[in-house]
Amino acid sequence: SQCNLESLPSNFGDFIKLESLNLSGNTSLKRLPPSLYKLKLSELRLQRCSIKSLDRDICQLPSTCDVDLQDNSFVIPLQEICNQGFSSILAHFSGIEKSVEKKSRRIKILVVGE
């Protein structure tokens, strides 16, 4: 934590034995590589970073993963959703997908974020 990281390598998900990751206090960290969400983490700490949005890929984390997202400047999903915990984030993304499916059956991929 607090290493002044601006980004993580795109192949970060190759650390398959990693169980816990604390990136808290990296105020220049704005995005996480999608490969990170494929890890079987039991804990992911992201307090006090500069993350503004979460990718839909966060839903790939194990449901038992303890995710802490406090003190970020979220736009999508909203800060209130992030404060309610991981299950609320999963429900948020699920709700978006259902809404989009009703509007257009042709959409196969939903990209959320920048």
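Predicted model: local features only at pLDDT ≥ 70, side-chain atom pairs only at ≥ 80, totals over all residues.
Buried means under 20% relative accessible area. With 16%, Arg45 is therefore counted as buried.

**View 1. The protein chain as a whole has two helices and three strands.** Along the sequence, these elements follow the pattern β-β-β-α-α. The chain has 114 residues, and 39% of them are buried. Its accessible surface comes to about 7100 Å². Carbon and sulfur atoms account for 49% of that surface. Among the contacts with a separation of 6 or more, 30% are between residues 24 or more positions apart.

**View 2. The three strands form an open sheet in the order β1-β2-β3.** The pairing in the sheet is parallel. Strands β1 and β3 stand at the edges and have a single partner strand each, so one side of each is left without a neighbour in the sheet. From one strand to the next, the twist averages 5°. As background, strands of a sheet pair through backbone hydrogen bonds, either parallel or antiparallel.

**View 3. Strands β1 and β2 pair over three bridges.** The sense of this pairing is parallel. Asn22 stands opposite Arg45 in β2. Asn22 is also one of the residues that Arg45 touches.

**View 4. Arg45 and its surroundings are shown within the sheet.** Which strand holds Arg45? Arg45 is found in strand β2. Not counting residues up to four places away in sequence, Arg45 touches Leu21, Asn22, Leu23, Ser24, Asp66, Val67 and Asp68. The relative accessible area of Arg45 is 16%, under the 20% that sets the limit for a buried residue.

**View 5. Arg45 forms a salt bridge with Asp66.** The closest N and O atoms of this pair are 2.7 Å apart. The bridge links distant parts of the chain, with Arg45 in strand β2 and Asp66 in strand β3, 21 residues apart. Are the two partners buried or partly exposed? Arg45 is buried, whereas Asp66 is partly exposed, with a relative accessible area of 39%.

**View 6. Asp68 meets Arg45 in another salt bridge.** The N to O distance here is 4.0 Å. This pair also links distant parts of the chain: Asp68 lies in strand β3 and Arg45 in strand β2, 23 residues apart. Salt bridges that share partners join Glu43, Arg45, Asp66 and Asp68 into one network. Asp68 has 16% relative accessibility and counts as buried.

**View 7. Arg31 and Asp55 form a salt bridge between two loops.** How many salt bridges does the structure hold? There are four, and the bridge between Arg31 and Asp55 has its closest N and O atoms 3.4 Å apart. The pair links distant parts of the chain. Arg31 sits in the loop between β1 (20-22) and β2 (43-45), and Asp55 sits in the loop between β2 and β3 (66-68). The two residues are 24 residues apart. Arg31 counts as partly exposed, at 38% relative accessibility. Asp55 is buried, with a relative accessible area of 11%.

**View 8. Leu61 is a buried residue in the loop between β2 and β3.** Its relative accessible area is 4%, and because buried means under 20%, Leu61 falls in that class. Which residues are in contact with Leu61, leaving aside its neighbours within four places in sequence? They are Leu36, Tyr37, Leu39, Leu41, Leu44, Val67 and Phe86. Of these, Val67 is also touched by Arg45. The C-alpha atoms of Leu61 and Glu43 are separated by 9.8 Å, and the two residues are 18 residues apart along the chain.

**View 9. Cys49 and Cys65 are both buried.** Cys49 has a relative accessibility of 6%, and Cys65 has a relative accessibility of 5%. How many disulfides does the structure hold? The number is zero.

Key: Residues numbered from 1 in each chain as written. Heavy atoms only, no water. Salt bridge = Lys/Arg side-chain N within 4 Å of Asp/Glu carboxyl O. Helix = DSSP H or I, 4+ residues; strand = E, 2+ residues; numbered from the N terminus. Buried < 20%, exposed > 50% of the residue type's maximum accessible area, 1.4 Å probe, protein only. Contact = heavy atoms within 4.5 Å. Areas by Shrake-Rupley, 256 points an atom, 1.4 Å probe, with all protein chains shown as cover. Pairing = 2+ DSSP bridges. Axes fitted to C-alpha atoms, helices over the stretch in contact; angles between N-to-C directions. Disulfide = S-S within 2.5 Å.
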